[in-house]
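Please keep the model open while you read this note. Each point can be checked by eye.

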Amino acid sequence: MTSKVTKKQNALLKCGYVSAVAIALLSTTGVQAQTKADTDDDKDNVSETIVVTGSRIERAGFDQPTPTTVIGADEILKGDRASIQQVLNDQPQFRATVSPAVSVGNTSGSGNAPADLRGLGINRTLTLVNGRRFVGANNLNFVPVSLVSRVEVVTGGASAAWGSDAVAGVVNIILNDELEGLSLGADYGISSRGDGARYGLDGSFGKSFADGAGHFMVGAEYVNDKGVADRNSRKNLGSADIIAVPGGLELVRDVNLLPFGISGGGGLITSGIFAGQTFNLDGSLRPFDGPNALGVGGSDAVGLYDHIAVSTPVERLSVYGRASYEIGNAKIWIDGTYARSESDYAFLPDFLVPPLTIQSDNPFLSGAIQSQLAAAGETSFDYYRLFDDLLMFRYTGIREIKEGAIGIDGTFGNGFKYSAHYSHGEADNDLSLKNARLAANFNNAIDAVLSGGQIVCAINADATTANDDPACAPLNPFGRNNASAESLDYVTGTQRTFSTSKLDSMGVEIQGDLFSLWAGPVTVAVGVEARWEELTGTRTPETVAGGFGIPVFTSNLSGGFNVKEGFAEIVLPLLDIEDKFALDFNGAARYSDYSYSGGIWAWKAGGTARLFNDVLLRITRSRDVRSATIGELFSTRSINVGPLVDLDTDGRAAANPGYNPAPTLVTTYTGGNPDLQLEISSTLTFGGSISPSFLPGFRLSVDYYDISIDGAITSLSGSNLTLACKQGSADACSRITRDGTGTVTQVLANFQNIARFETSGIDFEAAYVRPIFDGSLRLRAIASYVDKFVLDSGLNRTDTAGDVGSATENGVPKWRGTLSAAFDNDEFGADVRVRYVDGGFYDQSLTNLINNKTASETYVDLGVRFKVNDRFTLSGNVNNLFDNQPPLSPQGNPHYDVIGTYFSVGAKAKF
């Protein structure tokens, strides 16, 4: 059975999408096959246009030169992922830099879900929804998966088309805003270990009115992902760490090195007659079963990472609504979004409680212990424990956005099109760290004495003492969970910060064919855009007052900037020999005027050559930019006066005897820098695709990319700035002030445009679709090879391509790929997907690490769908079918699956 390809689908096939885009979209729309006859029938009747994220030009038959991959609705369903971010992280070009399984022990990342293309950082991937920026720091938890029609990924610089941040590329999420009827869905997931439960509900409704001139739709999605709390439930996680062994270093399991390894609730006495003993739950003593000489093992020993979650929980709700009405050749529309996410979980224990000095008359000690201490003439002993029972931080993060937009799209004249929009959005963050130790109160509560037959704080025992604290409640640190509620209330508080981000954005664009040349029409797009970004932050009085043992929210952040832009793009056909050869030039330029740094140009120049309608060759060179974030610009500037070690000493003492290489009174400035400039990137991509006429339905593409970013924003310490200056960094030298003797007196260690990124590699994609058994078979393979990933911090130059350890910053596998096969007909669908992640070094810089190699992993996912009737569909999915175990990972690993086998089932009803 075959189905005739529609005009729009044929235009997709002709428009030259890279990476089998046409096949992805054909599968999305339910087309089961394409024949050459179908294509020929529609060749002369194509009238619809296609939006291609890599360009502002919308024209059927236009082969854009910038590589673009499309993830269609069917691809989104594979794996039954909880968010669009997790869908993207399955793609080889993305790095899971911030995710529920990586952002453990991280207050800024929990509940946030941004995309990171090429691993260049979440601030260097521009994320759009329906071609527009949205408020919320690219948090894809706010995008309802059930409403996504497709995701277009531009895997090359696109600042000329879309503006700042499109350095690594662009993710454009296209929502289905033409829904008709009512749709309801539900799904449930659970891991093979019985944890990681996930519940989901979604619904949408759309209806046309006024004889089709108007349309209204609304959709909502709710997801409650419980996460996985127990790190020791997964092999190779828990307290894995690197330790010193004979012959070098080794990465091993169950490392419980001091100071974190003295735990188990009972702690460890480290001095006096009871040295080497721990407290039982009832307060009695026994020998401490601690780690061996290498710091491994011990039933009473616990590592810090034993207490950090495998994946953090998140509960989210997202609602989207849109209404549109056509008047003549214009469509007026309005849409709105509300979304909320919340994370609430045990974060990590307070790991900075210092060793305690316990007085021998502490009334929480048993009488027998006090007597033995007295007999030995000991008045106190040293005691250490990790308070993983009493002082476990609890993190709560609530993130909420509200955004609305209004716009108009229309046509005029001889095929010219225009569009205009304005949007306003606000994102509110409410982040709390509960059960945080108040250092002074804790010290008071630990020092307990017996007074008048009652256990009281020592500072309150003497009525003549002026420094007493009536609120002090004595705390019992011995055993597990033996402290009173009153004492815990006294020694802990809540650190809490609030922030509101605002984004106002507007744009106007006109495009159309100016005139025709010998090879076809010359198409241009011109427009203006502007946006205003603002962030204000506050903290609770308790947080501002400080006094916490581990202060987290240490400053308020407020600031903002605006940018006004104009852009133009042109498609110039140079040659068109029908069915033999076509040559097009595509150029774009954008001028942006930033309120904090002034004007800057971004541009793109590229071309395509099509041979015999089967082969497409393309090349693009672009200059792209990234604006500093508000945090990088305006985070609170701190001033510290203290010692500094000068690492740029060559010849200074000989030139001036008064030179001091280790001054003690150096003024160091840290924090934001309002003088930052934009990062500037240079990107080269070239490659091509082939769709052979002798093999209908097949497409293969190969593209090379090379990206270098100058003036990347980072910060260095004062000493490292002197070393970078010594190594030839003019930017670093300009941040150091020396007196007449050459001695350092001041350093600007705040954010600077001082680093450089370089990365290059090759992307591959192949796809094939053909009719089979009254249905369609779709095959798709995507792979990415990273040749280099270099970060030059101004201090060190490091290539981390092939570094896959969890603690290796900027590490990326050399190879990643996915291979999928799917069959669908009117009653049944099934798919299998194989995901490959290359192995490599844990960390190439650790040359003496004995087991510095990590093996590759191949994961298998399965999915099935049963269409009960025209209204009801049931589905099931298994991820990581063979329960591949993660590599040894002290921290959250961005490359490998850490959950294990995961099952999910779902149901969908349409009315």
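This is a predicted model: local features need pLDDT of at least 70, side-chain atom pairs count only at pLDDT 80 or more; totals for chains, interfaces and linings use all residues.

1. Start with strand β1, residues 68-72. Five of its five residues are buried, so the rest of the structure largely encloses this strand. The cut-off for buried is under 20% relative accessible area.

2. Now look at the two faces of β1. In a regular strand the side chains alternate between the two faces of the sheet. Thr68, Val70 and Gly72 lie on one side of β1, while Thr69 and Ile71 lie on the other. Residues on both sides are buried, so both faces of β1 are covered.

3. What does β1 pair with? Its partner here is strand β3, residues 148-154. The two strands run antiparallel and are joined by five bridges. Pick out Val70 to see one of them: its bridge partner in β3 is Glu152.

4. Next comes a sheet of three strands. The order is β10-β16-β15, the sheet is open, and the pairing is antiparallel. Its edge strands are β10 (268-269) and β15 (356-359), each of which pairs on one side only.

5. Within that sheet, follow β15 to strand β16, residues 380-384. Four bridges link these antiparallel strands.

6. Reading across, the order is β27-β28-β32-β31, and the pairing is mixed. The edges are β27 (638-642) and β31 (736-738), and each pairs on one side only. On average, neighbouring strands of this sheet are turned by 15° against each other, direction ignored.

7. Which pair in this sheet shows the parallel sense? Take β28 (residues 666-670) and β32 (residues 744-748): they pair in the parallel sense over three bridges. Thr667 has Gln746 as its bridge partner in β32.

8. Finally, turn to Asp504, which sits in strand β21, residues 492-517. Does Asp504 count as buried or exposed? Asp504 is buried, yet it has no salt bridge. The nearest side chain of opposite charge belongs to Lys502, 7.4 Å away.

9. What does the side chain of Asp504 touch instead? It makes a polar contact with the side chain of Tyr422, at 2.5 Å. Leaving aside neighbours within four places in sequence, Asp504 is in contact with Tyr422, Ser423, His424, Ala530, Arg531 and Trp532.

Terms used: Residues are numbered from 1 along each chain as its sequence is written. Side-chain values use heavy atoms; hydrogens and water are left out. Two strands pair if DSSP finds at least two bridges between them. Axes are lines fitted to C-alpha atoms, for helices over the stretch in contact, and angles run from 0 to 180 degrees between N-to-C directions. Buried means under 20% relative accessible area, exposed over 50%, partly exposed in between (1.4 Å probe, protein chains only). Lys and Arg count as positive and Asp and Glu as negative; His and the chain ends are not counted. A salt bridge is a side-chain nitrogen of Lys or Arg within 4 Å of a carboxyl oxygen of Asp or Glu. A polar contact is a pair of N or O atoms within 3.5 Å; within protein, one must be able to donate a hydrogen and the other to accept it, and residues adjacent in sequence count only if both atoms are side-chain atoms. Contact means heavy atoms within 4.5 Å.
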